[in-house]
Amino acid sequence: MRLTFRADKIRVLLAAAESRWSLGLRRRFRVKDPAGFWLVGDQGVYLMHNGKATKHKQIVYAQECTRNHAFRSMVGRQAGFLRR
């Protein structure tokens, strides 16, 4: 499945990420990743940066999988990374 993100929203996310990365990075399950982005699939599919958090989540939803769409039902069990 191909995911697409709006370019204008990605630019805003990138600007926010660049300002937050210099303040520190969040860890992913005790793993220290370099500055970058995470592709998250829970309530929809979205990109988020791993810079220090703010009060509001800075995320960009994939156009095909917003909060209102059930990602798991769209890809079913074909996506191995969704296994628990």
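A pocket is an open set of points on a 1 Å grid over the protein atoms alone, with protein on both sides within 12 Å along at least five of seven lines. A volume is the space filled by probe spheres set on the points, which are joined across faces, edges and corners. In this predicted model, the second largest pocket has a volume of about 170 Å³.

**Reading the model**
- The model is predicted: local features need pLDDT of at least 70, side-chain atom pairs count only at pLDDT 80 or more, and totals for chains, interfaces and linings use all residues.
- Residues are numbered from 1 along each chain as its sequence is written, and side-chain values use heavy atoms, with hydrogens and water left out.

**The chain**
- Two helices and three strands make up its elements (DSSP runs numbered from the N terminus: helices are H or I, at least four residues; strands are E, at least two).
- Their order from the N terminus is α-β-β-β-α.
- Of the 84 residues, 29% are buried, meaning under 20% relative accessible area with a 1.4 Å probe, protein chains only.

**The pocket lining**
- Lining residues have an atom within 4 Å of a point.
- Among them are Arg6, Lys9, Gln58 and Tyr61.
- Helix 1 (7-21) and strand 3 (59-61) each supply at least two lining residues.
- Helix 1 gives the most, with four residues.
- By class, the lining has six nonpolar, three polar and two charged residues.
- Nonpolar covers Ala, Val, Leu, Ile, Met, Phe, Trp, Tyr, Cys and Pro; charged covers Asp, Glu, Lys and Arg; the others, Gly among them, are polar.

Note on methods. On a 1 Å grid over the protein atoms alone, a cavity is a set of points where a 1.4 Å probe fits but cannot get out, and a pocket is an open set with protein on both sides within 12 Å along at least five of seven lines; lining residues have an atom within 4 Å of a point. Buried means under 20% relative accessible area, exposed over 50%, partly exposed in between (1.4 Å probe, protein chains only).
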